[in-house]
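Please read them with the structure open.

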Amino acid sequence: MAIQTQVVAGRLSQADGQPIGSGYVRFILSAFDATENGVIAAAEKIDAQIESDGSIAPELWPNTAGLKGTRYTVLLLDEKKNRLEHYGQISVGTDGPYSLADLLQANLPPATTSYWMSLTEAEFAAKIAQMDARVSTAETARDIATGARDTTIAARDATEGYKNAAYANAQDVASAIVYQNLAGVMASYNLNIVDAFVYDTTRDFMGGLWRYQCQGKSWFDEEGAATGRWLGAQSSYAAAVAAGGEVGDYYLAGNGNFYKLISGSDIEQVYRGSRKDHPANAIITAEAGRAVIWDGDDPSLPMWDVLADTGTGVNTGLFRGGINGNTGVAALNGIYAISKDGDYSSDGALSVVDFVKDRGVKHSGTSNFCGFINGIAYARNTPLTLNTGIVPPVASKKGYDVAITTLPGAPIDPETGMPRPTIAVATDGGVSVIRDDGTVVDSGFALASNSVAFLGDSLVYGASVYDRVYVTDNIRDAENSFPAHRTYKADSVPAIHAPDGNKVGVCGSDVVSYSLSGLVRIAENLQTPANGMVAYTAHDYATGWMLDPKGCWLASTDASDLVGGSPINESFSTYTNKADAVAANWETFGVSSATNTSWDIVSGTLQVSRGSGSVEGRPRRVFTGLTIGKRYRITIDMEPGTWVIENSNAGLGQTANVSSAVKSFEFVANATSFACSGWPQNPNSTVTINGIYLDAVDPDRSVNGKGLVVQNTITRTPVATGSELMGYGNFHIGKMQREVTPPGLGDFCLMGWGINTNTLDCPLALEDPNLVGSGLVIASHYNTSPFAVFTGRGGSNNQKNFGTKPTPLGSWFFFYVGRKDGAWYGGVNGETHTSTGLISTEDLSAATLVNVGRQGTITGGAWGGRLALLRYGHTCPTPEQIAKIYRDEKPLFQPGAACTLWGDSDAVADLDGCDIDGLKRVVTSGAGGGLSRFDGLLRVSHDPEPSTLIACGAGYEVTQ
C-alpha cells in the first residue's frame, strides 16, 4: 500500500508585497518514523521549487500518521540552495490540504500583551473572589498531584524503558531498509577499503558554500571526464553495453578500474564522473592505491572522482604512498587529507588536496620530497614535478591515521574566504601537526602513533608501542616536541583497561579508546585529571562510570546463578603424615634427591625443601571440580618465603609466584581441572604451606581484578524485562565479600544501584572483619527515614542521614556515600546531600572488608531485593559527576536496555563517533559478530552480521 501524503500549499511574498519568484522551500523531517506501510526516511530533504508567482504546493507525509511525534523544519533557500531564512517547524496532519502559513502560525508564540488592566471597584472585588476560589481549587489539585507523583514517576520510568526498546527495534528496521541500498551498492563494488569518511559538506563553513565557487577549476571541467550515466559495477565492456550503456557512460570494471564507453574503440580509463560540481554528501573510500569520492547525493552512488597517482618520476607522486598505500582519510571545507604508509623516502606520509584552491600538497619524512602541484587534474594525469623547498616535512614517511579541523581563532584564508585548517597525522615517528599557518610541529613522543583525533582545541592520539592514550591541549599554540598534558594507560588514574593495542577516537566530549579488550570511555576532568571517570564496555559486561576504582562488581550480563563454596579446600591439618597426603592423590613429581626438591607433612603443614639442584621431586596434585568460563580465586596460605605454583590447562598460565605477602590471584577456568605443583623459588630454602583454597568469585571489572568471593548461592536476573544488565539477589542466604584497601581518614566512595521491598535493609557495608559492629553500614529506608549510614552498632544513636527523602519502593535507585576533604556526602538518584552527623575524623583504617547485601559482623538486615553496578574507590565524585553517573546509567535499568558490545568478542575492529538522527553514537564492530550503535552507555541498535565499520555520518554507515 502506498504512503499517503497531504498537500501543503503556500505563497511567499517579500515585505513590499512582491512574490518571491525563485528559490526553494525546504522541508526537513526531524527523524525517521515508521508506519504500517513501511519506514519513512529522514535522510533525504524535500525541496519545493518556488513558482514565479511565489507559490508552492508540495505533498508531504503526515507526521500524525507516525509513531514518534516528528515535525518538519521549514527553510527558505536561494536558487543555489543556500539557506536564506528559517521559518520554523510544522506538524502535518491527515485531514488536509493545509496552508503553510496556518501550520507555521500554529507554532508561533502569541503576541505580547500588557500585564495591566483597568478595573472598577466591583470588578476588582469579583476578581479577588474568583482568585480565592482558584487558590482553593489549586490546593486541592496540589494534594491530588502530590499523591499521584510517585506513581507517575514509576510509570514514566517504565515508559522510558519501553521507548528505548521500541527505538532500538525501529532503528534496526531503519538500518535494514534505509541503508540497505548503500550497503548493497558498496558490497557490489567489491572494494578492499582500508578507511573511509562520510563527508557532509553542509557542516562546512557557511554550509558548504564553497561548492558553488569552483567553476573554472581544473577538476570542474576536467578533460577526459565521463559525460554520461553511471552504470555501476560491470564485469566487462559487453556487460556495460548490455546494461544499456551508451557513449559517455561509465562503470567500475572487474579489475577495479573505472572506464567510460567511447566511440570506435570501446572503453577508456576515467578518473572523473560526469557530475561537475562537488556532491553535498560524499563518501570517500581509501584503498591501498587510491582514494575514491562517491556521489552520496545519488542513490546509485556513482564515482565522482579518483585520487590516484598516475604520474612518473621521483618527485611527481602527489598521491604516492608506497606499496602499503593509503591508511586514512578525512575532509573539511573542500580539503581532503589522506595518510599513507610509505616505503621509500620519496613516498609521502600525507597528501592534502584542496578542491577550492585546486592544489595538491605532499608531506613526506624528508624535505626534498615534500612539495605542491597546482591543478588537481593535472597532478593526476600529467607527470609534473612537485614544487619543493616550501612544504615542510612531517615526522616520518609512514603515516597511519589523519584528522582535520578548524580551531578557534584560525585565520581566514584570503584565497578561499574560509578558516585555515589544522591537520594532524599519526606517523611512525609520533604525531605531526600542520598548523593553520603552514608550519609543522611534532609531538615530544617520537615513537609510532596509530590513531589521532581532535577534541575541541585538544589533540588526542594513541601510542601503539606503549598502548597509551595522550591528550595535548591548545594544539594551535603548540611548539615543536609538544608534550602530552594527560596520559592514560593501564596503571594511570583513571586507567585504560587492558589496552592490547588500543586506538583512540572522540565521541561528544569524551575520549574513547578501543582495543582487543573492548571499549573504554574517558570523561576527562581537566582541572584534576586524576579525578576523571572511565567506563568499560565488553561483550559480557558494562561497568558504568568509575572514579579511581578499587573495585567494580555486579556488572555482568550472565544470568546463571553464582554458586559459592570452595571446590578446593585443602587444609593440610587433616593429614598426619606424608602417607595421608599421598592417599589424597598428592604425588612426587620427578626424582627427589638431597640436592633436588623434597616434601613432607610436618605438624599438619606441607613443607617443601629445595636444595642446590633442580625442582624435581616437588609435590603435585590434580584438582577437579572447576566450571569452564567461571572466575576463581586461588589462595595459598603459606609462610615464609615464596612459593611458585605450576598450573596447566585451566587458564592460570604456566607458573605464578605467590609470596607470604601476596597469597592469592584470580583466573578464568578454561578446563574442569588443573595441576598444582609447587616449590620454593630460591635454592637452599624451605616453605611451609598451611592450605590451598579455591573460591568462586564475581569478577572485579576494574583494573584491580579482585573479585567478590561468593558464599552459598547468589541469584542473577535481568534488572528489567529484556534488559542485558543483571541484578544480584538472594542475600538472605548468599553472601559476597572482598578484602580492600581501607580509606582510613582519607577520601573514598561507595556507590551502586538497588531495588528493594523491605523497610530497613543493608545494601553495602565497609567493615573491620575482626570487630563486631564496626565500620560503615549503608542503610535503605523507604517511606520512613531518609537514606542513611550507620557507624557501628547502637541503632539510631549511630544513624547519620543524607537529605530527607526515603529511597523509593519497588523501583531501581542509585545511591552513594563518600567523604571528600573531611566532609561527608551522600544521596539517591543523582542528588547530593551533606551529613552533619558524620565527623571528619571518622576513622576507617581497619575497615578492610566490603560486604555486599548484608552486614558481615551483625546479624539481620540482609538486602531483600537486588543490587547491581557496585563500585568502591578512594576518590569521591563531585555533585556534577554524581548527577552524570545517575543520568547516564539510568537508561540501563529500563525494559529492553542493552549495554554491551553485540556478539561474543571484545575485540573492537573500528570505531566512529557520528551524529545520526540527532544522537551521538559510538559505532563499533568486532570479529565476534556484528556492529553496535551506542547513545551514551546505552546500545540503541545493532547489526548481527559480522562486519567492519569504516565510517559513519550524514545518515550513512560504510562497512565491509
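1. Buried here means under 20% relative accessible area, exposed means over 50%, and partly exposed lies in between (1.4 Å probe, protein chains only). By that rule Asp548 is buried, with a relative accessible area of 12%. Asp548 is not a glycine, yet has a positive phi of about 45°. Its place is the loop between β36 (533-537) and β37 (549-553); strands are DSSP runs of E of at least two residues, numbered from the N terminus.

2. On the basis of the numbers: this is a predicted model, in which local features need pLDDT of at least 70 and side-chain atom pairs count only at pLDDT 80 or more, while totals for chains, interfaces and linings use all residues. Residues are numbered from 1 along each chain as its sequence is written, and side-chain values use heavy atoms, with hydrogens and water left out.

3. Ser603 also has a positive phi, about 55°, and is not a glycine. Ser603 sits in the loop between β41 (597-602) and β42. Is Ser603 buried or exposed? At 74% relative accessibility, Ser603 counts as exposed.

4. Thr605 belongs to strand β42 (residues 605-610). Thr605 is buried, at 12% relative accessible area. The Thr605 side chain makes a polar contact at 2.6 Å with the backbone oxygen of Val602 (a pair of N or O atoms within 3.5 Å; within protein, one must be able to donate a hydrogen and the other to accept it, and residues adjacent in sequence count only if both atoms are side-chain atoms). Neighbours within four places in sequence aside, Thr605 is in contact with Phe572, Asp600, Thr688, Ile689 and Asn690, where contact means heavy atoms within 4.5 Å.

5. The bond joining Gly96 and Pro97 is cis, with omega about 10°, and Pro97 lies in the loop between β9 (83-90) and β10 (98-99). The bond from Val493 to Pro494 is cis as well, with omega near -5°; Pro494 is in the loop between β32 (486-488) and β33 (503-507). As background to these bonds and to the phi values above, most residues other than glycine have a negative phi, and most peptide bonds are trans.

6. Where does Phe205 lie? Phe205 is in the loop between β11 (195-200) and β12 (230-233). Phe205 counts as partly exposed, at 32% relative accessibility.

Methods: Helices (H or I, at least four residues) and strands (E, at least two) are DSSP runs, numbered from the N terminus.
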